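Here is a short report on a predicted model. Please look over the sequence and the coordinates before reading on.

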Amino acid sequence: MIKIGLMGGTFDPIHFGHLVIAEEVRIRYGLEKVVFIPCGTPAHKKDYAVTPSEHRYLMTVLATVSNPSFETSRMEIDRTGPSFAIDTIREFRTRYDGEAEIVFITGADAIMEILTWHKKDALVRMCRFVAATRPGYPIEGLSKLPAEYLKQIDVVEVPGIEISSTDIRARVRDDLPIRYLTPPETEAYILKHALYRETPNP
Ligand code: ATP
Ligand code: MG
């Protein structure tokens with residue numbers, strides 16, 4: 001049975017923190033590939049205006065194209081209505097007709113939000129979840145999760161990359177460099193389309 005990693009996110013924009021955790025988990029779990037899935041309308045209201053999904057999708061494609069084991073999926077951006085992880089995992093399961101084991105990759109902060117996710121009890125039983133360590137989000141916080149959730153979650157220590165999309169948006173707005181924070185193709189896309197010039201400070 002092959003193993004497929006799913007990596008959901010807003011990717012507004014994608015950066016090296018995302019790419020490092022995906023690659024680390026891919027190698028450690030022997031994943032056939034990791035599919036990056038930019039969300040459509042975020043299920044949880046954000047405190048800033050999320051960039052149109054087509055931009056986020058294309059930036060994710062650009063950032064992942066050089067890795068033959070990475071793919072970007074339009075599944076959530078093409079779905080009408082809010083994005084729910086449970087629907088995405090179900091759709092991937094159907095696509096592989098039970099022939100693939102799904103591993104859902106998140107960072108330490110996102111996994112803590114699992115308690116707020118749509119149909120959380122069913123979701124948590126659907127596949128293994130990998131929580132990658134993230135600077136600034138102590139993994140000890142995980143112990144607050146119920147035991148039946150914890151048994152579905154593996155913590156994986158990854159090289160700490162202290163980058164967030166929020167910081168990148170703020171840096172662009174403040175005319176600070178984002179070189180070396182995101183792949184050059186993604187940086188070029190941001191400049192070309194003048195993204196994040198007017199992002200209010202969250
Ligand atoms: P924002 O600041 O807009 O929330 P973000 O940098 O947190 O952006 P998301 O798109 O929200 O990026 O994150 C997608 C997934 O990647 C989440 O599971 C998140 O925990 C994880 N992630 C993001 N950045 C890092 C990082 N630097 N290290 C580890 N995990 C990360
Ligand atoms: Mg985030």
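Is Cys-127 buried or exposed? Cys-127 is buried, because its relative accessible area is 7%. Buried means under 20% relative accessible area, exposed over 50%, and partly exposed in between (1.4 Å probe, protein chains only).

This is a predicted model, where local features need pLDDT of at least 70, side-chain atom pairs count only at pLDDT 80 or more, and totals for chains, interfaces and linings use all residues. Residues are numbered from 1 along each chain as its sequence is written, chains are lettered from A and ligands numbered from 1 in the order in which they are written, and side-chain values use heavy atoms, leaving out hydrogens and water.

**Cysteines**

Cys-39 is also buried, at 10% relative accessible area. The closest cysteine sulfur to that of Cys-39 is in Cys-127, 17 Å away, so it is too far for a bond. A disulfide is a pair of cysteine sulfur atoms within 2.5 Å. By this rule the count is zero.

**Sheet**

Six strands form an open sheet with parallel pairing, in the order β3-β2-β1-β4-β5-β6. Its edge strands, β3 (70–72) and β6 (153–156), each pair on one side only. From one strand to the next, the twist averages 30°. Two strands pair if DSSP finds at least two bridges between them. β4 (100–107) and β5 (128–132) pair in the parallel sense over five bridges. Phe-104 has Phe-129 in β5 as its bridge partner.

His-15 sits in the loop between β1 (2–9) and α1 (16–29). It counts as buried because its relative accessibility is 3%. Beyond its neighbours within four places in sequence, His-15 is in contact (heavy atoms within 4.5 Å) with residues including Ile-163, Ser-164 and Leu-181. A polar atom of the His-15 side chain lies 3.0 Å from the backbone nitrogen of Gly-17.

Around ligand 1 there are 22 residues; His-15, Asp-109, Ile-161, Ser-165 and Thr-166 come nearest. Near means that a heavy atom of the residue lies within 4 Å. The table gives polar contacts of the ligand, pairs of N or O atoms within 3.5 Å. Within protein, one atom must be able to donate a hydrogen and the other to accept it, and residues adjacent in sequence count only if both atoms are side-chain atoms.

| Residue | Residue atom | Distance to an oxygen of ligand 1 |
|---|---|---|
| Thr-10 | polar backbone atom | 3.0 Å |
| Phe-11 | backbone N or O | 3.1 Å |
| His-15 | side-chain N or O | 2.9 Å |

Technical notes
Helix = DSSP H or I, 4+ residues; strand = E, 2+ residues; numbered from the N terminus. Axes fitted to C-alpha atoms, helices over the stretch in contact; angles between N-to-C directions.
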